Amino acid sequence: MALGITALLVLIVYPLAAVVIQAEFPHLFAPQSPNARFDPAALIRVFRTPTDYRMLGDSVALSLGAAVFASVAGGALAVVLGRTDLPGRAVFAGLAWVNLLIPSFLLAEGWTFLLQQGGLLSHFLTEPGWMQNVFTTPWGVGAILALKFYPFAYLTVSAALPWLGGEHEAVARTLGASTTAVWRRVFIPLLLPFLASAATIVFADVLSDFGVAITVAESHQFPLLTYGIYSSLYNQPTDYAGAGALALLLGVAVATALLAQLLILRKNRFATIHAGFRPPAPARLRPQVRYPLLLAVILFFAVALGAPAGSILVESFLKGSAYGIITVQPTLANFASLAGPTAHTAVLSLGYSLRLALVTATAALALGTLLAYFGTQGKGGTGQFLQAISLWTISVPGIILAAGYVFAWNQRWLSSIGLELYGTVFALGLCYLAGGLPYVLRFQMGALSQLDRRMMSAARVQGAGVGAVLTRIVTPILAEGAVSLWLFVLAGTTFELPASEFLYPPGQPTLAVEINHFFSESSYGQGMALAIATAAVLITAVLILRLLMRRRLPAAVRAQAPARTF
Amino acid sequence: MGEALQVHGLCKRFGSVVVADHVSFEVPGGGYCAVLGPSGSGKTSLFNMVAGLIHPDHGSIRLGHREFDGPRGHLPPERRGIGLCFQDYALWPHMPVKEQVAFGMRLRRRPAAEIAAATRRWLELLRIEALAERYPHELSGGQKQRVAIARALAVQPSLLLLDEPFSNLDAPLREILRDELGALYSALGLTVLHVTHDRQEAMGVADRVLVLAGGRLCQEGPPHELYRNPANAEVATLLGPANLVPGHAENGLFGANGLRMRAAGAQPHGPALLFFRPESCSLVSGPAELNIFQARVERTAWHETGWRHRLKVGDHEVVALTRTPAEAGAKVWVHVPAEACRLLPSGGASVAALSAAG
């Protein structure tokens with residue numbers, strides 16, 4: 001346990017502390033005569049430099065707008081899919097997950113290819129001008145971000161819907177409430193805290209996003225905070241203190257949102273689930289409502305997912321599809337080039353990222369589950385520490401963590417003790433692990449806290465030690481969820497961009513870096529083909545694992561696996 | 001054969017809440033002991049301490065010659081060799097019935113053939129052999145209960161711990177299982193510690209009952225003894241419907257307005273509570289004399305085996321369960337024999353809250 005907590009401190013707490021140190025005590029990391037003098041000059045500079053100040057304001061305003069839009073859309077979608085008998089609910093729910101899993105930089109490129117001057121839409125519409133104009137404004141960037149991150153709101157509200165039990169509706173109905181009144185007076189007030197919580201989650205995620213910032217926003221001369229951190233570290237002369245200050249401000253904004261979410265949920269805790277809880281039956285829609293609603297949902301997914309993903313797919317099948325020179329001739333040349341001798345680096349990067357992601361996801365699952373077990377079984381302090389660290393770090397933007405790794409592991413004193421991690425695959429792997437671990441910790445703690453502790457006590461009294469309890473009771477019961485979690489971390493790590501950009505070892509670009517290189521060299525078709533080939537590998541892995549799980553796990557475990565909450 | 005359980009000076013507190021306050025008792029080998037107490041009395045904490053799931057702050061727990069907790073430290077639950085059955089059974093959702101029963105034997109690395117034979121035997125004994133391949137979600141409450149018991153017994157424990165094992169079952173099934181399993185434990189010679197808040201469950205199976213309140217052991221003894229001779233008002237109401245009338249005792253006589261009663265047992269002097277059970281009452285023709293008092297019938301209703309009258313005696317309410325009907329508003333004479341009356345200390349629990357229970 002102590003070893004696990006030390007790992008958390010080294011992997012997560014130290015790099016994040018390095019960000020704060022870099023912003024407030026920049027001389028501590030100075031190569032010559034380091035000292036711990038407090039110097040907030042970099043932080044003050046952000047507020048005095050108009051471009052930086054505007055970047056900060058724009059990022060916050062954009063995130064607020066996107067949060068409101070995504071919460072309304074995600075919340076409405078959750079209610080429609082969770083409380084009605086609309087056809088195809090399972091498919092739509094799956095599509096929301098697909099939307100969540102596609103990296104934002106790919107979605108952003110998909111939108112760009114679709115809406116850019118001379119893009120795909122220009123070939124099918126004679127007057128796409130207004131769309132192109134909107135696309136290049138902050139509103140357009142905000143819409144792209146909202147359409148990427150609405151699944152967080154969808155999942156948050158979906159998790160809350162079962163709280164609105166059938167009994168609530170039955171009681172309100174017997175007291176004379178109509179369907180509208182039940183929603184207005186009972187359900188919506190119960191849902192409001194969850195909607196507010198969803199909005200804060202989306203706000204934090206939009207603010208932390210790097211993929212859209214480095215692609216669409218940057219190319220539209222609309223720099224965002226995460227791009228500011230990146231350019232401070234990437235452009236010459238390198239501005240470590242400036243990057244630290246921006247990262248600190250980003251962290252403060254995200255932490256404020258997180259705190260607001262905690263306060264909202266704490267203040268509105270409706271503990272209404274009980275042993276005899278009866279989940280509500282889905283509402284039967286009348287035909288005059290059902291079909292327009294179905295059409296609206298299809299349209300929503302067509303825009304949110306179909307447009308950018310379809311655009312990615314089309315682009316991968318077009319030859320030389322740099323914007324403005326589209327030849328609408330389907331070809332497999334982009335995929336064929338991945339197998340050719342010229343694409344050696346691309347294929348290497350795919351294998352390299354998959355190997356790294358496999359190791360990271362497995363290590364994160366093992367370490368996270370072990371820590372979560374001790375956290376939920378142990379006394380209050382340990383559990384609370386782990387809850388706090390997972391809750392806090394899960395919201396830490398990847399770019400802050402990545403910047404923290406640059407600051408933390410690129411230190412002369414580490415070289416003097418023979419610990420030269422920076423520039424090696426270990427720094428990158430550890431940063432990946434640090435990014436995945438909080439998700440595992442949080443989800444597994446949630447799952448374990450829902451497991452009846454008496455099941456584990458019964459096993460212990462039967463003679464099972466901690467190891468036997470973990471392997472024979474906990475692991476089989478949580479297996480299906482754990483595999484999903486492992487796949488989630490695997491997919492996220494395979495396409496991870498910010499840490500990869502900062503930390504990939506020279507000459508060994510990761511997949512996301514390679515795809516981004518293709519984009520920056522205007523080889524969009526090849527970049528998209530590489531992304532789709534990777535997605536195909538991952539989807540095949542998911543399908544095989546699901547099939548194996550279905551065969552290996554009894555229906556009982558699948559039916560009773562604890563629900564996970566975001 | 002079960003071994004004797006000895007608990008001595010057990011103390012446990014969670015923050016400022018005391019859940020065990022110098023609790024000491026002994027259950028002889030093969031004995032069936034029920035721990036009865038209201039919610040928050042500390043009975044589940046006692047159960048968990050005996051199981052080894054929580055550590056006591058002080059005191060010792062021994063089973064036969066083995067020390068579970070005490071000066072030599074804490075024996076972890078997996079090394080205590082006990083069986084345990086929870087209120088919600090805690091069956092593992094990923095294992096079929098036969099695997100649940102075989103689990104403990106597998107951990108003990110018994111030969112496969114022996115495990116298979118023993119599993120079959122326990123399933124037959126609990127009459128669930130047809131359910132061997134089923135998963136917990138495919139079982140009824142009673143079947144789950146049998147599986148949990150089979151699982152606990154399959155490791156041949158010296159002590160069986162039961163935590164409200166019948167509370168999730170409907171009344172007829174509860175009675176059937178209670179009798180059936182009671183006979184099984186007796187035949188196996190098991191020592192059983194059974195915690196419950198249900199007095200009928202406690203008194204229906206146990207040969208000894210411990211009453212806990214606020215982490216303290218209030219009284220222990222055979223169920224009929226506790227029922228007739230409770231040590232205080234709390235024990236009296238926990239074990240069944242009780243009439244508790246505050247008054248004054250002197251020279252072997254109890255007086256309150258409208259009552260002059262003689263009681264058996266201890267004869268305190270000064271403020272006291274007169275205790276008697278509703279079924280000790282009978283309606284007589286009067287007149288007023290020792291242990292006969294006049295009362296007005298407030299309400300009357302049929303209750304299982306007789307008429308249940310709610311009576312008013314002066315300022316006090318009394319409940320009588322008799323074979324004689326009476327009409328609401330009527331004045332009746334009530335006789336309670338001296339051997340059915342006890343005088344209890346008047347301090348402690350709120351008399352208003354406790355009196356005329358049931």
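Good morning. The area buried between chain A and chain B is about 2,200 Å², and carbon and sulfur atoms give 66% of that area. Please keep in mind that this is a predicted model. As background, the accessible area lost when parts come together is often used to state the size of an interface.

Let me stay with this interface for a moment. Chain A brings 20 residues to the contact, and chain B brings 28 residues. Which residues of chain A lose the most area to chain B? They are A:Arg454, A:Val461 and A:Gln462, and together they account for 35% of what that side buries. There are also charged pairs to consider: two salt bridges are counted between chain A and chain B. In one salt bridge, A:Arg460 pairs with B:Glu78, and the closest N and O atoms are 2.8 Å apart.

I now turn to the packing of helices within chain A. Helix 16, residues 344–377, and helix 22, residues 466–494, have axes that come within 9 Å and cross at roughly 140°. Helix 16 of chain A is therefore oblique to helix 22 of chain A. The crossing of these two helices is right-handed. On the helix 16 side, the contact includes A:Leu354, A:Leu358, A:Leu365, A:Tyr373 and A:Phe374. On the helix 22 side, the residues include A:Val469, A:Leu470, A:Leu485, A:Trp486 and A:Val489. How do the residues of this contact divide by class? There are 17 nonpolar residues, five polar residues and no charged residues.

A second pair in chain A consists of helix 8, residues 138–160, and helix 11, residues 211–219. These helices pack at an angle of about 150°, and their axes are 11 Å apart. Angles over 145 degrees count as roughly antiparallel, so helix 8 of chain A is roughly antiparallel to helix 11 of chain A. Their crossing is right-handed. From helix 8, A:Val141, A:Ile144 and A:Leu145 meet A:Val212, A:Val216 and A:Ala217 of helix 11. The contact of helix 8 with helix 11 comprises six nonpolar residues, with no polar and no charged ones.

Let us move to chain B. Here helix 2, residues 97–107, packs against helix 4, residues 141–154, at an angle of about 20°, and the axes are 7 Å apart. Are the two helices parallel or antiparallel to each other? Angles under 35 degrees count as roughly parallel, so helix 2 and helix 4 of chain B are roughly parallel. This crossing is right-handed. Helix 2 contributes B:Val97, B:Gln100, B:Val101 and B:Met105, while helix 4 contributes B:Val147, B:Ala150, B:Arg151 and B:Ala154. By class, the residues of this contact are six nonpolar, one polar and one charged.

Where in chain B does B:Ala340 lie? B:Ala340 is in the loop between strand 20, residues 331–335, and strand 21, residues 342–345. Leaving aside residues up to four places away in sequence, B:Ala340 touches B:Phe275, B:Phe276 and B:Ser280. B:Ala340 and B:Ala264 are 76 residues apart along the chain, and their C-alpha atoms are separated by 7.2 Å.

Thank you for your attention.

Terms used
Residues are numbered from 1 along each chain as its sequence is written. Chains are lettered from A and ligands numbered from 1 in the order in which they are written. This is a predicted model: local features need pLDDT of at least 70, side-chain atom pairs count only at pLDDT 80 or more; totals for chains, interfaces and linings use all residues. Side-chain values use heavy atoms; hydrogens and water are left out. Axes are lines fitted to C-alpha atoms, for helices over the stretch in contact, and angles run from 0 to 180 degrees between N-to-C directions. Helices (H or I, at least four residues) and strands (E, at least two) are DSSP runs, numbered from the N terminus. Angles under 35 degrees count as roughly parallel, over 145 as roughly antiparallel, 65 to 115 as roughly perpendicular and the rest as oblique. A crossing is left-handed if the near helix is turned anticlockwise from the far one by less than a right angle, and right-handed if clockwise. Contact means heavy atoms within 4.5 Å. Ala, Val, Leu, Ile, Met, Phe, Trp, Tyr, Cys and Pro count as nonpolar, Asp, Glu, Lys and Arg as charged, and the others, Gly among them, as polar. Buried area is the accessible area (1.4 Å probe) that two parts lose on being put together, summed over both. A salt bridge is a side-chain nitrogen of Lys or Arg within 4 Å of a carboxyl oxygen of Asp or Glu.
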